[in-house]
Amino acid sequence: MIDVYNPLDKINLGKSVADALLAQPVHALGDIPPFEGAGIYVIYYRGPFPAYQPIAEANTQEARWPIYIGKAIPSGGRKGASLTASARGKALYNRLAEHRDSIRDVEKGSGTLTVADFQARYLTVDDIWIPLGESLLIARFRPIWNRELDGFGNHDPGSGRYNGLRPLWDHLHPGRQWATRCAMRTEAIADIEQKLADYLIAHPLKEE
């Protein structure tokens, strides 16, 4: 039986959203002005941190290999409150600003990361396509901060919820104050960096 291409299949529609995002201009993460809407985004790294050198080298001339991919759903979106919710609020901008601030905290703290070394692409999207677009992009690029170094996208758990372990991302990149209230990890930094190096060798950038 021959498969017939259906442009309205949800996977094909999701791919069109992912491709539209990758066609967007690249912005310095620290210089994105406020804007309205919700959607999806990719973050690129091109700095000197040794563990990410394959990623940085791939992004030297143009942004090609994301280090992190995420989404921002508008308030009420998770409850299906409105089909037009993505037109209200600054959910996507606010999420990017949170990431900028996380990296800025590291820059001021351990100095292992610098905001100037990060770029982003983003796309405002109708709510229904946000999760699918994000999932397809993560499956395509397998970003190291999504798959192998957990915690970059975490929020402050709040008072009384610091009993869990510090996120692995914060263990490697100290600086976020809320993370210091979580339980200390015992993994050796050298072991984490080797794990990341092995992951990048096993999952290189796929050219499409």
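The second largest pocket holds about 180 Å³ of space. The model is predicted, so that local features need pLDDT of at least 70 and side-chain atom pairs count only at pLDDT 80 or more, while totals for chains, interfaces and linings use all residues. Residues are numbered from 1 along each chain as its sequence is written, and side-chain values use heavy atoms, with hydrogens and water left out.

**Pocket and cavity**

A pocket is an open set of points on a 1 Å grid over the protein atoms alone, with protein on both sides within 12 Å along at least five of seven lines; a cavity is a set where a 1.4 Å probe fits but cannot get out, and lining residues have an atom within 4 Å of a point. Grid points are joined across faces, edges and corners, and a volume is the space filled by probe spheres set on the points.

The lining of the second largest pocket comprises 12 residues, and those nearest its centre are Ala63, Arg64, Arg140, Phe141 and Glu207. A search of the whole structure also finds 1 cavity of 30 Å³ or more. The largest cavity has a volume of about 50 Å³, and its lining consists of Leu29, Gly30, Asp31, Ile32, Tyr93, Leu96, Ala97 and Arg100.

The table divides both linings by class (nonpolar: Ala, Val, Leu, Ile, Met, Phe, Trp, Tyr, Cys and Pro; charged: Asp, Glu, Lys and Arg; polar: the others, Gly among them).

| Lining | Composition |
|---|---|
| Second largest pocket | 5 nonpolar residues, no polar residues, 7 charged residues |
| Largest cavity | 5 nonpolar residues, 1 polar residue, 2 charged residues |

**Helix α4**

Helices (H or I, at least four residues) and strands (E, at least two) are DSSP runs, numbered from the N terminus. Helix α4 (residues 130-141) has 12 residues and spans 17 Å from its first C-alpha to its last, close to the 16 Å expected at 1.5 Å a residue (1.5 Å times one less than the number of residues). Its buried residues (under 20% relative accessible area, 1.4 Å probe, protein chains only) are Ile130, Gly133, Glu134, Leu137, Ile138 and Phe141. They lie on the same side of α4 because they cover an arc of only 130° around the axis, taken from the directions from the helix axis to the C-beta atoms. Arg142, which follows α4, has a positive phi near 45°.

**Strand β4**

Strand β4 (residues 118-124) is mostly covered, with 6 of its 7 residues buried. Strands pair if DSSP finds at least two bridges between them. Strand β2 (residues 39-45) runs antiparallel to β4, joined by 7 bridges, and Val42 stands opposite Arg121 in β4. Strand β1 (residues 27-28) pairs with β4 in the antiparallel sense over 2 bridges, with His27 opposite Ala120 in β4.

Methods
Buried means under 20% relative accessible area, exposed over 50%, partly exposed in between (1.4 Å probe, protein chains only).
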